[in-house]
Amino acid sequence: MVDIQVRNLTKFFVIGENLLDNLSFEIQEGERVAILGRNGCGKTTLAYLMIGFYSLTRGEILIDGQRLCDCSLKSIRESIGIVSQDVLIFNGTVRENILLGNLQASDEAINTACRQAGIIDMIENLPEALDTKIGINGIDLSGGQKQRIAIARIYLQNPPIIVFDEATSALDAKTENEIHSAWKQVLQNRTSIVISHRLSSVMICDRAAVMENGRIIETGTPGELLEKSEGFKALFTSGGVSDDK
């Protein structure tokens, strides 16, 4: 497990416009933290900075005391896994798609990952099991099945940090609840950030941080915020939160 420190983080997209504004916070090792806020608050920008999709403008991110900007992109991707709404599925077999998490994984490791991700029954019912070909972009798979493939990849990758970026926003409530069961397995003994506009996803976290205009304006346990914070509750009313950046 590792801890995360974000110090004075500022990200400019155009001159005079900050997507993140002097943002600072800490996540303890093994902690699950939900990041939420309205459209344009900067939550997805933060996630992309953490996994090296964007470069820092000002400030720093430290993982176990080591500055992220001093790390290679390869080491960042090995240490931080991401599960997003749009799961990458290519035109190959189920096995090949899951192996994106670790190309050297054994069949035993793949089967274990599939079992932990809750996808083993689906795979066993396919015509050629793991060697069944799936269409481009997973055209033959449901949204929940794609998410489970993404979670199986994370098991094979075995990163100490996981970022969930609006991973369940396109799923119905029943499927989302099933995916959460798989999440709880993969999140054990890992540091995680859950970016979501779904209350059910936020509630499985230890702590929630509400962002506004590139800053964190409120933190607490999800239960505390749900009970005491009108601003937190307002985010889950109709139209309150968007899954945009």
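Is Y54 buried, partly exposed or exposed? Y54 is partly exposed, at a relative accessible area of 22%, where buried means under 20%, exposed over 50% and partly exposed in between (1.4 Å probe, protein chains only).

The model is predicted: local features need pLDDT of at least 70, side-chain atom pairs count only at pLDDT 80 or more, and totals for chains, interfaces and linings use all residues. Residues are numbered from 1 along each chain as its sequence is written, and side-chain values use heavy atoms, with hydrogens and water left out.

Y48, F53 and Y54 are linked into a cluster by ring pairs. Rings of Phe, Tyr and Trp (its six-membered ring) pair if their centres lie within 6.5 Å; planes under 30 degrees apart count as stacked, over 60 as edge-to-face and the rest as tilted. The ring centres of Y48 and Y54 are 5.3 Å apart and the planes stand at 75°, so this pair is edge-to-face.

| Residue | Relative accessible area | State |
|---|---|---|
| Y54 | 22% | partly exposed |
| S201 | 0% | buried |

S201 belongs to helix 8 (residues 199-203); helices (H or I, at least four residues) and strands (E, at least two) are DSSP runs, numbered from the N terminus. Leaving aside residues up to four places away in sequence, S201 touches T168, E176, H180, W183, V194 and S196, contact meaning heavy atoms within 4.5 Å.

In a further contact, A109, I110, A113, C114 and Q116 of helix 4 meet A152, Y155 and L156 of helix 6.
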